[in-house]
Amino acid sequence: MSNNHPNTAAEEDRTANFYITESYKTIRTNLQFSLAAAEDKKVTAVTSYEPNAGKSITTANVAITMAQTGAHVLLIDGDMRNASQHKIFGVTNTNGLSKLLSGLSKPDDTSFFRSVRPNLDLLPAGPIPPNPSELLCSKNMKKLLDALREAYDFIFVDCPPVGVISDTLSLLSNAPNVVIVVRQRQTRHDDIKHSIEKIRAVGGVLLGVVITDVADSDSIFGGRYGRYGKYGKYGKYGKYGRYGKYDKYSAYAKSGEMHYIGSSQANTQPEVK
Ligand SMILES: Nc1ncnc2c1ncn2[C@@H]1O[C@H](COP(=O)(O)OP(=O)(O)O)[C@@H](O)[C@H]1O
Ligand SMILES: [Mg+2]
């Protein structure tokens, strides 16, 4: 039978893309539910405890996926110290959030809002300002968000890591909803706990957690994907074997501390189709 034959690389790529796409769609659906129940139904900040958790890629893909529903979506690069959305989408970072907030440009300057996909605009971070944290909790930020709430259905803000700098916490006074990105085999339990404490202390609203870098052998995917065969390119995860211990992340969610929104595998491209 042909299905005894090993998959070709192209087939493996297609199948891997399929489930990367599906995972972002699941995240989208769960976020739609969380936002519908939240007081602020438009703005979501995405953060993590530590750098390199997958925040920027997750935020880009969630924004793309949300825009595919026909909703008018804005992605703001709120990580002004470590801007990356302009690189992900291949636009310049000359005009961005920092300039709007420091009053160097008018908020109604539409050239700052780059159309990067159908229904999706990007406001890049702009040049690094001396005071990102102050800017994010400023009156200017509130005014800007008020205007943008009128113009868009959903706004996602790619934020700096909450365990390293206070910028994200500053933003929450203007936009309380937060999604925490947790990276499998990297983010520690205590880090999640500290993130939650910090966010709650400033009145943030936790919409939930997204787990990144989830290997196909992880129990979080259950047996669902077994039928798609073996994924040679994810073979590097093989050495970690099965991740019974990471069930703890979902246990965290089940404890009611945090709503589990979804998980995603490696994906370096913001190309959810
Ligand atoms: N879901 C994912 N699974 C595995 N790797 C990921 C995932 N999302 C992002 N990455 C990778 O992790 C690294 C850090 O991603 P990035 O989005 O820049 O993190 P952060 O914004 O949290 O610093 C990049 O190499 C990126 O390709
Ligand atoms: Mg980032």
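A residue counts as buried if 20 or more other C-beta atoms lie within 10 Å of its own, as exposed if 12 or fewer do, and as partly exposed in between. P129 has 19 other C-beta atoms within 10 Å, so it is partly exposed. The model in which this count was made is a predicted one. P129 sits in the loop that runs between β4 and α5 (132–136). Setting aside neighbours within four places in sequence, the contacts of P129 are M80, S98, S102 and L135. L101 is 28 residues away from P129 along the sequence, yet the two C-alpha atoms are 9.6 Å apart in space.

Stepping back to the whole chain, there are nine helices and eight strands. The chain has 273 residues, and 43% of them count as buried. Take the contacts between residues at least 6 apart in sequence: 81% of these join residues at least 24 apart.

The eight strands make up an open sheet, and reading across it gives the order β3-β4-β2-β5-β1-β6-β7-β8, with mixed pairing. At the edges are β3 (114–117) and β8 (260–264), each of which pairs on one side only. From one strand to the next, the twist averages 25°. One of the residues involved is R114, whose bridge partner in β4 is L122.

Strand β1 (residues 43–47) runs parallel to β5 and is joined to it by four bridges, with A45 having V157 as its bridge partner in β5. Strand β2 (residues 73–77) is parallel to β5 as well, this time with five bridges; here V73 has F154 as its partner in β5. Five of the five residues of β5 (residues 154–158) are buried, so the strand is largely enclosed by the rest of the structure. In a regular strand, side chains alternate between the two faces of the sheet. In β5, F154, F156 and D158 point one way, while I155 and V157 point the other way, and all are buried.

A helix packs over another part of the sheet. Helix α8 (residues 189–201) lies across β6 (177–183) and β7 (205–212), and runs at about 170° to β6.

Ligand 1 is surrounded by 17 residues, and the closest are G54, K55, S56, I57 and T212. Helix α2 (residues 55–67) supplies the largest share of this shell, four residues. By type, the shell around ligand 1 divides into 11 polar residues, four nonpolar and two charged.

Most residues other than glycine have a negative phi. N52, though, has a positive phi, near 70°, and N119 also has a positive one, of about 70°. N52 is found in the loop between β1 and α2, and with 11 C-beta neighbours inside 10 Å it counts as exposed. N119 belongs to the loop between β3 and β4; with 19 C-beta neighbours inside 10 Å, N119 counts as partly exposed.

Technical notes. Residues are numbered from 1 along each chain as its sequence is written. Chains are lettered from A and ligands numbered from 1 in the order in which they are written. This is a predicted model: local features need pLDDT of at least 70, side-chain atom pairs count only at pLDDT 80 or more; totals for chains, interfaces and linings use all residues. A residue is near a molecule or strand if its C-beta atom, placed from the backbone, lies within 6 Å of it. Helices (H or I, at least four residues) and strands (E, at least two) are DSSP runs, numbered from the N terminus. Ala, Val, Leu, Ile, Met, Phe, Trp, Tyr, Cys and Pro count as nonpolar, Asp, Glu, Lys and Arg as charged, and the others, Gly among them, as polar. Two strands pair if DSSP finds at least two bridges between them. Axes are lines fitted to C-alpha atoms, for helices over the stretch in contact, and angles run from 0 to 180 degrees between N-to-C directions. Two residues are in contact if their C-beta atoms, placed from the backbone, lie within 7 Å.
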